[in-house]
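Hi,

Here is the structure I promised to pass on.

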Amino acid sequence: MAQPTTAHPGLLDRAERRRTPLTELYRRLHRHPELGLRLPRTQQVVLDALRPLGLELRTGTTSTAVVARLPGRGEAPPVLLRADMDALPLTERTGLPYASQVDGVMHACGHDAHTAMLVEAALLIADTRPGPPGDVILMFQPGEEGHDGCRTVLADGLLDGAFAASRAYALHQLPALPSGTVATRPGSLLAGADRLTVTIRGSGGHVALPHLGADPVPVLCAVVLAVQQMVTRQFDVFDPVVVTVNRLDAGTSGAGIIPDTATAEGTIRTFSDPVRSRVAEALTTVATGVATAHGCTAEVRIDPGYPPTVNDPAEARWARDAIAGVLGADRVHELPTPVPASEDFAYLLHRMPGAMLLLGTRPAAGPVAPVHSAGMRLDEAALTAGVAALAALALTPRGAAAGPRSRGTGPPALTAAPPTEQRGVGERREEEP
């Protein structure tokens, strides 16, 4: 294994020495998950854990967010480290001894791990000499799972004034990647996720006399097929679009009635803001054209979800090299393609340059369940690598991401259950965040 080289070469060893309190904090959060924007118990756990550091703190007014400022030793531009805290409306089926004690609620995306790692990273950064070159802003946000938690932090002004940052980083665990590895890529990392509804309006009648009306059902079917052709013929395969229709609704069973309306629902996944705008226009054009050709009308509604998560290329490469300095170059990789999940960290990357990175947490044994599933488990042994990685992002001086550069090649292949269209991270649906 390549030896890490950094201005703080002992970060990983020091994180390992605190494995017990890290694990205890992670399990405590896992047992008591909370949903949405109001996480009073989780907020108190974070506040209690940070209290010994004596940091300047801000808390949200429209959410239970916590933002802390850890002073740096110099005048380098402040860096922000973010963790999300909320869980999902799932009944846990992992069989873990520390499984959720809250009926119908589970940490199935690893936000409990994110919170525990950032708390421990804060303790590690504060105990390191020399300290960070500039201030470190620690952002603990609720509501990532479809509740616009990141935007509540911004709207509450928690990142204004003395808490303003110049760069932002986040680490998201992923059981599909080998445990203890870190992966990212310059440019698009995660998809934007929007909700699509197409309603076709015709004129109903008797099923035996369809020629006397305008049946919206076959027209809707034609629209669904036309949309797939539109995707493959109007958009660059290297800036992809995924439109999936997963629900059709029309008519009354057994009534012999042609309905007046038929509706399709689905999701739109895009990886860049320009394509995200174009696909909305193209969907309206296709649906309207097909409907008009058959004597019907079409209404296309797109409910915006999270935008694409697009890493600043220079920041992604710098972060990769800084982390390679503490973990070793053989544990840090560049993903060859984006992941079609979505994340509200994208809003921070619209505000400032930065990067999201993925921490591999594949369990050493047993099944590998994807995020957002009731069986998702992670390898706790990987969490110390995440702590050291976050600390490295705060402690490494700009332009001094020392050490063996990662090779830029992709990590070992994802397992058979990566978090693709399986309830993408942060997808905005009430019943499926």
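**What I found**

Thr263 sits in strand β12, which covers residues 261–270. (Helices, H or I of at least four residues, and strands, E of at least two, are DSSP runs numbered from the N terminus.) Before I go on, this is a predicted model, with local features needing pLDDT of at least 70 and side-chain atom pairs counting only at pLDDT 80 or more, while totals for chains, interfaces and linings use all residues. Residues are numbered from 1 along each chain as its sequence is written, and side-chain values use heavy atoms, with hydrogens and water left out.

Back to Thr263: its relative accessible area is 18%, so it is buried (buried is under 20% relative accessible area, exposed over 50%, partly exposed in between, with a 1.4 Å probe and protein chains only). Leaving aside residues up to four places away in sequence, Thr263 touches Thr197, Val198, Thr199, Leu220, Arg247, Leu248 and Asp249 (contact means heavy atoms within 4.5 Å).

**The four-stranded sheet**

β12 belongs to an open sheet of four strands, in the order β10-β12-β8-β13 with antiparallel pairing (two strands pair if DSSP finds at least two bridges between them). β10 (241–250) and β13 (297–303) are the edge strands, each pairing on one side only. On average, neighbouring strands here are turned by 20° against each other, direction ignored. (Axes are lines fitted to C-alpha atoms, for helices over the stretch in contact, and angles run from 0 to 180 degrees between N-to-C directions.)

Seven bridges link β8 (residues 192–201) to β13 in the antiparallel sense, and Arg201 stands opposite Thr297 in β13. Two helices go with this sheet. Helix α6 (residues 216–234) lies across β8, β10 and β12 and runs at about 175° to β10. Helix α7 (residues 273–293) packs on the sheet too, touching β8, β10, β12 and β13, with its direction at about 160° to that of β13.

**The eight-stranded sheet**

There is also an open sheet of eight strands with mixed pairing, in the order β1-β2-β4-β3-β5-β16-β6-β15. β1 and β15 (332–334) stand at its edges with a single partner strand each, so one side of each has no neighbour in the sheet. The twist averages 25° from one strand to the next. Helix α3 (residues 40–50) packs on this sheet, where it touches β1, β2 and β4 (134–141), and its direction makes about 15° with that of β2.

At the β1 end, β1 (residues 56–59) and β2 (residues 66–70) run antiparallel and are joined by four bridges. Leu57 stands opposite Ala68 in β2, and a hairpin of six residues connects β1 to β2.

Helix α4 lies across β2, β3 (76–84), β4, β5 (167–174) and β16 (354–360), at about 150° to β3. α4 (residues 111–126) also meets helix α2 (residues 19–31): their axes come within 9 Å and cross at roughly 145°. On the α2 side the contact includes Pro21, Leu22 and Leu25, and on the α4 side Ala113, Ala116 and Met117 are among the residues involved. By class, this contact has nine nonpolar, two polar and two charged residues (Ala, Val, Leu, Ile, Met, Phe, Trp, Tyr, Cys and Pro count as nonpolar, Asp, Glu, Lys and Arg as charged, and the others, Gly among them, as polar).

Most residues other than glycine have a negative phi, and most peptide bonds are trans.

- The peptide bond from Arg129 to Pro130 is cis, with omega near -5°; Pro130 is in the loop between α4 and β4.
- Asp148 is not a glycine, yet has a positive phi of about 55°. Asp148 is in the loop between β4 and α5 (149–155) and counts as buried at 11% relative accessibility.
- His372, also not a glycine, has a positive phi of about 70°. His372 lies in the loop between β16 and α10 (383–395) and, at 4% relative accessibility, is buried.

**Overall**

In total, the protein has ten helices and 16 strands. Buried residues make up 57% of its 433 residues, and the C-alpha trace spans about 80 × 45 × 45 Å along the principal axes.

Cheers
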